[in-house]
Amino acid sequence: MDIFRTKSVEQSIQDTEAPEHRLRKRLTATDLTVFGIGVIVGTGIFVLTGQVAKQTAGPAVALSFIVAAVVCGLAALCYAEFASTLPVAGSAYTFSFATLGEFPAWVIGWDLMLEMALAAAVVAVGWSGYFASLMSSIGLTLPGWMAGDTPVINVPAMLIVLILTAILVAGIKLSSRVNLVIVIIKVAVILLVIVAGLFFVNAANYTPFIPDPISTPAVEGLKAPLIQVLFGITPVAFGVIGIFSAAAIVFFAFIGFDIVATAAEETIEPQRDLPRGIIGSLLVCTVLYVAVSLVVVGMQPYSQLSTTAPLADAFTAVGQNWAAALISIGAIAGLTTVVMILMLGQSRVLFAMCRDGLLPRGLAKVHPKYGTPARLTIIIGVVTALLAGFISLGALAELVNIGTLFAFVVVSIGVVILRRTRPDLHRAFRTPMVPLLPILSVLACLYLMLNLPVETWLRFLIWMVIGAALYFLYGYRHSRAQRLRPGIKPDQFR
């Protein structure tokens, strides 16, 4: 069927050479690693540690972070092979087009659009909250209509999105430099908190390290995990099962390493540097997450941890109030880079889709001075600012989670398919133990997806139905593959 026509690796790389659609190669392995750290280290390290320790895993939350990191690591190895073999903007969308076909690629692109747009807006709202809190601590209270829990228009959130949009338009190298400075600030804050917290650790708080399991039957109806509805399994808190249940939650603190792959086309030595950037950023963030979680549960009994600001409140509990302001600064720095890199990732995915004609091709033109997809970046910035400024996104935030896991599943399957269909391709990085490792990646991601609420699955399916309709109304008819079909070459779209 036409909708499953694939785009060869050679044609994908050839498309990057068109002058009006050529992105500038400016990034190194260090830039990519810092991008990964910049988007991964956000509110997860400041909030999720206390939440899952108190409600699901106890002091063993560190093990939950390790489990989640292993799941991400399996997917990261698959991403690394694809990104080094096919160094083209678009990440999972481009990989899917080369292996599964045009319609599956559209589905993934549509999925990534949902993931990154909502995530950027949600994080911008979170940034606004921390910013308002910091302003209040120095005596500058922002009016309730423009900031706070229920603002009429969230002005700080909109402003930070628009400022970061301007930086992204101005060039990928400028974006990487801004990201580097902010990442240094937030990692320094995290390291300082870890070192300072060690002086207040009480070894007795680690006992029992794995608390006895208790059932949590309170989650019912559409809010119940899908695995409970399908198999009648009652969710369990604490115990060994609680560690894995917590991993399904803290997994989302790692969301973002895949965005490194969207910058493939702008990397100077993609075959060498992309695997380093993807895997390196994941390793650094895992160490930081595990260290922070061990310090937090050591400073306070897990049952007394705060679920909103566990790190700050843990220091307050031991009489170190100075940490609250410092942690707010770290959180603001962390969220700034998350918003910026999410918008960067989305612009590159849409850029690849527009270049293939599945969305208006004129939007894929690169700015002659800055070498960035300026039109797309501005559109994404405006839409994200409006979402962050006017819409309550809390109920939709879990869509980010299921969207990411779905992309991981597709990429893991794609590695196996491309190994079979194109064994001749040069692979600078090869995923080990194929097909075993990709299969484990798929199973691990599916398990975590099953732990998401039924209502999240329903919203995800509705979004996918809308995307399918848009593809057949516009994308299928305007696809470059469709228009080139009469004189098509066998090494282009087959």
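Helices α7 (residues 155-169) and α14 (residues 374-390) pack with their axes 8 Å apart, at an angle of about 170 degrees. That angle makes α7 roughly antiparallel to α14, because angles over 145 degrees count as such. The structure is a predicted model.

On the α7 side, the contact is made by Ala157, Met158, Val161, Leu162, Thr165, Leu168 and Val169. On the α14 side, the contributors include Ala374, Thr377, Ile378, Gly381, Thr384 and Phe390. Ala385, Leu386, Ala388 and Gly389 of α14 also take part. Twelve residues of this contact are nonpolar and five are polar. No charged residue is found there.

**The second largest pocket**

Four helices each supply at least two lining residues: α6 (102-137), α13 (322-355), α14 and α17 (454-478). Which helix gives the largest share of this lining? The answer is α14, with six residues. By class, the lining of this pocket holds 20 nonpolar residues, two polar and one charged.

**The cavity**

The structure holds one cavity of 30 Å³ or more. About 60 Å³ of space lies in the largest cavity. Its lining includes Lys7, Ser12, Asp15, Val88 and Ala89. Tyr93, Thr94 and Phe97 line this cavity too, as do Ala352, Arg355 and Asp356. Elements giving two or more residues to the lining are α1 (9-15), α5 and α13. Of these, α5 gives the most, with three residues. The lining of the cavity divides into five nonpolar, two polar and four charged residues.

**Thr99 in α5**

Thr99 sits in helix α5 (residues 92-99). Is Thr99 buried or exposed? Its relative accessibility is 11%, so Thr99 counts as buried; the cut-off is under 20%. Not counting residues up to four places away in sequence, Thr99 touches Thr6, Phe82, Gly414, Ile417 and Leu418.

Most residues other than glycine have a negative phi, and most peptide bonds are trans. The table lists exceptions.

| Site | Feature | Value |
|---|---|---|
| Thr207 to Pro208 | cis peptide bond | omega near -5 degrees |
| Val434 to Pro435 | cis peptide bond | omega near 10 degrees |
| Ser91 | positive phi | about 55 degrees |
| Met433 | positive phi | near 55 degrees |

Where do these residues lie? Pro208 is in the loop between α8 (172-198) and β1 (214-215). Pro435 belongs to the loop between α15 (398-421) and α16 (436-450). Met433 also lies in the loop between α15 and α16. Ser91 is found in the loop between α4 (61-85) and α5.

Technical notes:
Residues numbered from 1 in each chain as written. Predicted model: local features only at pLDDT ≥ 70, side-chain atom pairs only at ≥ 80, totals over all residues. Heavy atoms only, no water. Axes fitted to C-alpha atoms, helices over the stretch in contact; angles between N-to-C directions. Parallel < 35°, antiparallel > 145°, perpendicular 65-115°, else oblique. Contact = heavy atoms within 4.5 Å. Nonpolar A, V, L, I, M, F, W, Y, C, P; charged D, E, K, R; others polar. Buried < 20%, exposed > 50% of the residue type's maximum accessible area, 1.4 Å probe, protein only. 1 Å grid on protein atoms, 1.4 Å probe; cavity = no way out; pocket = protein on both sides within 12 Å on 5 of 7 lines; lining within 4 Å. Points joined across faces, edges and corners; volume = space filled by probe spheres on them.
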